[in-house]
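Reader: Hi! Could you walk me through this model?
Author: Happy to, let's look at it together.

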Amino acid sequence: MGEYKLLFEHAHDPAFATLAGYQAKGGYEGLKKAIKMDRQAVIDEVKASGLRGRGGAGFPTWIKWNGIPKEKTKKHYILCNADEGEPGTFKDKQLMEQTPFELIEGMTIAGWAAQGDVGYIYIRGEFIDAARAMRKAIDEAYKAGLLGKNILGSGWEFDLHIHLGAGSYECGEESALMSSLMGERGMPRLKFPHAPLPTIAGLWDSPTVINNVETYCCAPYIIKNGGEWYASIGASTKNSRGTKLFSVSGHVNKPGNYEIEFGTTLKELLELSGGMKGGALKACVPGGSSVPIIDADATNKAIIGYEEMGEYKTMVGSGGCMFLNEHTCIVNFIWRTALFYANESCGKCTPCREGTRWLLQIMDRIRRGLGQPGDIELLEEVCAQIDGRSFCGLGDAAAWPVQAAIRVFRNEFEYFIEHKRSIVEGAEALAMAP
């Protein structure tokens, strides 16, 4: 196994970002087929494909689409999370810039299946090039009758809009994203079972389907080729199907975005990205900064799949894969991660607002050579008070990296506290110090 280009097959071709170029490669055949199908049949095809959300949680996509009320009493919204704020992840940006019609067609298919009226693409504020590419593609789609009134002669109307965020990590959380889009402060809402799911009461209290860019981009290929065909990709895994985009960064020779088949190993992904640079492999953060870190031994054994990665106490996550070499100080690396989450906490709930600050203060004390006996246990206690007790997943995301680093590299924390300095020294380590 290894690289399998499906979404990225034509990404290198500038013509693919135009409607004519996209259609020349088979684009919009999925939508043409979907429009002739019963709406439930489209959802059943997505179910057969085994597609799971690519944003991080891996929730089955068809359940969201199927959860929209069949009897329509309000507007239905199709929402795309293109905020992509997870450090280490940058593949949705490339999809929007180089394959914008995959996203437009995928959202239109979702709109057809869920009786959608209006779609929104919530794009991270810094992604100006991506927003411009999407704007140009949407305008082309309207002129060709692929958006707006009477799409492909079906009598169905579907509009699609772009909304730029303002750079808040919190707004990548789906309920905070909806609040931000509605003009409210970007803070999370109360979750199920204490509040209705977005499929019942999402944007403006109306039924809303939310998926991320990569997830919607899969839909045209699933409908065009069939759910069973898609499910044959990655069939060696327990329950992960299709391809997955990984943004590879860190100490590798060829950082960038890579599309692989589920079932590929992390070791193969490292080889695809040119292997290690500057030293031997020490650790890997496979799915974005919030995902638990693993050591070199686990990295060499891990198979990429939602359940398979769990066997090594880590996750596929959003696909932001960072490989770290032997000169990396794990304490400093996790301190930098803790700094990010402390700065990005929206402040709504006490466990996250206070806990992320405490984690940062303790980590900062250790790396300045002022660590005390008991600091590791204190970090673990603070993490336990954040994990599962915060209003949204951001709190968990802040606790998991610290918990995993202590579990896997506890000796580095102990050494730093005892000797008042990092276990990793030398010019290479200093050059990589945050």
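**Helix α10 and beyond**

Author: At the start of α10, a side-chain oxygen of N212 comes to within 3.4 Å of the backbone nitrogen of E214. A polar contact here is a pair of N or O atoms within 3.5 Å; within protein, one must be able to donate a hydrogen and the other to accept it, and residues adjacent in sequence count only if both atoms are side-chain atoms. Helices are DSSP runs (H or I, at least four residues) and strands are runs of E (at least two), numbered from the N terminus.

Reader: Before we go on, what kind of model is this?
Author: This is a predicted model, where local features need pLDDT of at least 70 and side-chain atom pairs count only at pLDDT 80 or more, while totals for chains, interfaces and linings use all residues. Residues are numbered from 1 along each chain as its sequence is written, and side-chain values use heavy atoms, with hydrogens and water left out.

Reader: Thanks! How many residues of α10 are buried?
Author: Helix α10 (residues 213-225) has 11 of its 13 residues buried, so mostly covered, because buried means under 20% relative accessible area, with exposed over 50% and partly exposed in between (1.4 Å probe, protein chains only). Among the buried ones are V213, Y216, C217 and I223.

Reader: And what comes just after α10?
Author: G226, which takes a positive phi of about 100 degrees.

Reader: Switching to cysteines: how many disulfides are there?
Author: The structure holds 0 disulfides, a disulfide being a pair of cysteine sulfur atoms within 2.5 Å.

Reader: OK, sheets. What is the strand order in the open sheet of 5 strands?
Author: The order is β6-β5-β9-β7-β8, with mixed pairing. The edges are β6 (256-261) and β8 (294-295), each with a single partner strand, so one side of each has no neighbour in the sheet. Two strands pair if DSSP finds at least two bridges between them.

Reader: How do β5 and β9 pair, parallel or antiparallel?
Author: Strand β5 (residues 243-250) and strand β9 (residues 320-325) pair in the parallel sense over 4 bridges. G250 has F323 in β9 as its bridge partner.

Reader: Where is T328 found?
Author: T328 is in the loop between β9 and α15 (330-344). T328 is buried, with a relative accessible area of 8%, and a polar atom of its side chain lies 3.0 Å from the backbone oxygen of N325.

Reader: Last one: is R407 buried or partly exposed?
Author: R407, in helix α18 (residues 393-408), counts as partly exposed at 43% relative accessibility.
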